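Please consider the following report on helix packing and local backbone geometry.

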Amino acid sequence: MDKKVTVVGAGNVGATAAQRLAEKALCDVVLVDIVEGVPQGKALDLTQASAIEKHDAQIVGTNSYEETAGSDVVIITAGIPRKPGMSRDDLVSTNAGIMKSVTEQIAKYSPDAILIIVSNPLDAMCHVAYEASGFPKNRVIGMAGVLDSARFRAFIAMELDVSIENTHAFVLGGHGDTMVPLPRFSTVAGIPITELMSQERIDSLVDRTANGGAEIVGLLKTGSAFYAPASSAVEMAKSILFDKKQILPCAAYLEGEYGISDLFIGVPVKLGKNGVEQVIEITLKDDEMAKLQESAAAVQDLKTTLAKLK
């Protein structure tokens, strides 16, 4: 294939992303992990599955970065997962060190790549990757809103007993408890959900969406979500690889948009071959803008924590 994607981290999210990329026949895949044998074994397993899934994507597993050279897109999932009772802030110190090391290697071997950050705490890790890579802002993107919106869509479809294909949702802000689901921009076959359910039910779905990751962590006990995060990262990669210019909610570096500067935060963007090709500014009501500013303040706190670690 003429396109190449590296996935850093061969855990549940990374391995599932590699599987999705290959089985959708989007690109060749390099799976990188520091644990010897794990990326190689998972790559071999996925290669053997290709005979049944009927795709010709090459899948390579490795512990070094030489084989990642020339990647078009790099999906970074490396880092320790969030455990029950652990806040995203608790992850900052350890994962920042991992992210810095990984990004420096990626920038060395794939200086023209576009980075999709999945590691948590997401918004803070975007800042680490941005600084460590030296890449322009359009080539560092966080996977947040696509996942959060997918969760909101799923809950809407479940609540109304309709096809999830008919649901659309928008979630802005940081990836965490302060995310900002927007019910009036969330629809079923073009009908705003505000016309289809009570405010009480909407509030319940909004709350469940904001705590979507924590709910899964609590259920799994020893892990965190990986199917939906992997699918979300792959959706972003597809739009970039094929210059689809999809409008997707992603963590992008803002310089004045929405009254926010020098922060990665979830907003609707146009994703194409150059990464973030446009930040879409929608008109928010006062209460929505207040919630977005509150979310930005939480991201700023994480950024401040990062600065203290240096």
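The sections below cover the basis of the model, its helix contacts, one further helix and several backbone features.

## Basis of the model

This is a predicted model, in which local features need pLDDT of at least 70, side-chain atom pairs count only at pLDDT 80 or more, and totals for chains, interfaces and linings use all residues. Residues are numbered from 1 along each chain as its sequence is written, and side-chain values use heavy atoms, with hydrogens and water left out.

## Packing against helix α9

Helices (H or I, at least four residues) and strands (E, at least two) are DSSP runs numbered from the N terminus. Helix α4 (residues 122–133) packs on helix α9 (residues 286–309) at an angle of about 50°, their axes being 9 Å apart. Axes are lines fitted to C-alpha atoms, for helices over the stretch in contact, and angles run from 0 to 180 degrees between N-to-C directions. Because of this angle, α4 is oblique to α9; angles under 35 degrees count as roughly parallel, over 145 as roughly antiparallel, 65 to 115 as roughly perpendicular and the rest as oblique. D123, A124, H127 and V128 of α4 make the contact with V299, L302, K303 and L306 of α9, contact meaning heavy atoms within 4.5 Å. By class, five of these residues are nonpolar, one is polar and two are charged. Ala, Val, Leu, Ile, Met, Phe, Trp, Tyr, Cys and Pro count as nonpolar, Asp, Glu, Lys and Arg as charged, and the others, Gly among them, as polar.

The axes of helix α3 (residues 92–109) and α9 come within 10 Å and cross at roughly 70°, which makes α3 roughly perpendicular to α9. Here V92, S93 and A96 of α3 meet L302, T305, L306 and L309 of α9. The contact of α3 with α9 comprises five nonpolar, two polar and no charged residues.

## Helix α8

The buried residues of α8 include P229, A233, M236 and L241; buried means under 20% relative accessible area, exposed over 50% and partly exposed in between (1.4 Å probe, protein chains only). Just after α8, D243 adopts a positive phi of about 50°.

## Loop geometry and exposure

The peptide bond from N120 to P121 is cis, with omega near -5°, and P121 is placed in the loop between β5 (114–117) and α4.

D161, in the loop between α5 (145–160) and β7 (167–168), has a positive phi near 55° and counts as exposed at 70% relative accessibility. A189, in the loop between β10 (187–188) and β11 (191–192), likewise has a positive phi of about 55° although it is not a glycine.
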